[in-house]
Amino acid sequence: AREGLLAGVHPMLSSGGTGGAYFLKSAVGETVAVFKPADEEPLAKNNPRGNSWMNNFNNINNTETAIQSSPGEGMRKGTRVGEGAAREVAAYLLDHDGFSGVPVTSLANLSEQNVFFSGDDDDIIQRENENSGKLGSIQEFIKADAEAEEFGPSLFPLEEVHKIAVLDIRLANTDRNAGNILVKKDETTGQIVSLIPIDHGYALPHTLEDVCFEWEFWPQTKQPFSESTKEYIETLDAEEDIEYLRDNDIELHSSSERVLKISTMLLKKASKLDIPPADIASIMSRSIPTRMSDAEKLVAKAASTAICACRSERGELVHKSPNNGSFWNDLDEEGENAESIFMREFERALDAYLTERQR
């Protein structure tokens with residue numbers, strides 16, 4: 001990609017999507033990477049596509065499903081505009097040993113000696129005085145045969161679906177759909193042999209409000225994980241992963257780190273009990289948009305207990321409303337003691353919940 005830029009091969013704005021995504025080409029014109037500037041994400045001020053699409057979406061949907069973002073909030077609840085690039089990189093780093101097949105991804109600062117083009121060399125998009133460069137995620141371009149939405153899910157190999165389920169559960173992905181899963185076929189038989197997950201800008205949210213997995217309703221996810229997949233899951237360690245991300249200059253918000261810890265805990269405990277990924281998904285996602293998921297209820301109870309315990313230790317009034325809209329949000333200000341109490345209470349409540357669910 002660098003050689004292509006130095007040779008004057010301009011980035012090309014993709015034809016689809018809701019934010020800025022640019023194909024980077026080699027010196028000979030072969031697409032090799034995808035660059036997503038942080039300031040051109042959906043709802044960001046420099047989004048080259050504008051944000052009028054959101055108003056159109058809301059106009060044709062009822063108030064229950066319309067996008068109603070708080071200031072600074074991304075397209076999905078629990079995400080913030082401008083954080084997508086870091087989340088894209090985090091998804092790759094947390095895909096240990098390439099288990100789920102996330103393409104190689106890193107942060108990049110793309111300096112522009114010239115301007116960006118949207119396809120034809122004569123079609124310039126307002127980029128002329130931005131020589132300081134743009135920070136964003138750069139991801140290996142995968143040559144795929146199609147996207148998963150072009151097929152019936154029954155055609156997908158079971159293990160390929162399960163590997164994506166493992167990733168999405170860990171990351172509490174809020175935007176997994178068949179349009180962001182690439183498909184590769186065997187050249188000889190034409191059968192689907194692999195699925196590649198992309199677009200993780202809405203993973204690792206600050207809350208569990210908007211978790212969504214399309215594969216929850218695919219037939220493969222009704223079956224428990226295989227022994228080899230369970231062995232991989234057993235090796236996962238959220239605390240080590242958080243340190244690993246920090247070592248690689250990916251600093252998540254404390255609430256996103258907490259989401260990673262509770263999602264990893266749920267995945268590990270549920271897989272040991274042979275609970276299928278579809279059932280794990282049903283624990284995490286809302287069946288009705290306005291009704292909390294079971295995971296949210298467990299989290300809310302544990303957060304309340306932790307905050308009340310900390311208040312009691314300080315001699316404060318225990319039974320009063322949250323200071324920041326929810327006890328979950330209050331945890332961000334309480335420090336390590338509250339975090340420790342929360343995780344202990346959540347694990348206790350989760351164990352009881354899973355035991356009762358298995359009866």
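Biologist: How many cavities of 30 Å³ or more does a search of the whole structure find, and what volume does the largest cavity have?

Modeller: Bearing in mind that this is a predicted model, a search of the whole structure gives three cavities of 30 Å³ or more. For the largest cavity, the computed volume is about 40 Å³.

Biologist: Which helix gives the most to the lining of the largest cavity?

Modeller: The lining of the largest cavity is made up of Leu208, Ile262, Ser263, Leu266, Met284, Ala295, Val299 and Phe346, and by class it has seven nonpolar residues, one polar residue and no charged residues. At least two lining residues come from each of helix 7 (254-272) and helix 9 (294-313). The element that gives the most, with three residues, is helix 7.

Biologist: How many disulfides does a search of the whole structure find?

Modeller: A disulfide is a covalent bond between the sulfur atoms of two cysteines, and the cut-off applied to such a sulfur pair is 2.5 Å. The cysteine sulfur closest to that of Cys308 belongs to Cys310 and lies 9.4 Å away, which is too far for a bond. The number of disulfides found in the whole structure is zero.

Biologist: Is Cys310 buried or exposed, and what is its relative accessible area?

Modeller: Buried residues are those under 20% relative accessible area, and Cys308 is therefore buried at 16%. Cys310 also counts as buried, and its relative accessible area is 3%.

Technical notes:
Residues numbered from 1 in each chain as written. Predicted model: local features only at pLDDT ≥ 70, side-chain atom pairs only at ≥ 80, totals over all residues. Heavy atoms only, no water. 1 Å grid on protein atoms, 1.4 Å probe; cavity = no way out; pocket = protein on both sides within 12 Å on 5 of 7 lines; lining within 4 Å. Points joined across faces, edges and corners; volume = space filled by probe spheres on them. Helix = DSSP H or I, 4+ residues; strand = E, 2+ residues; numbered from the N terminus. Nonpolar A, V, L, I, M, F, W, Y, C, P; charged D, E, K, R; others polar. Buried < 20%, exposed > 50% of the residue type's maximum accessible area, 1.4 Å probe, protein only.
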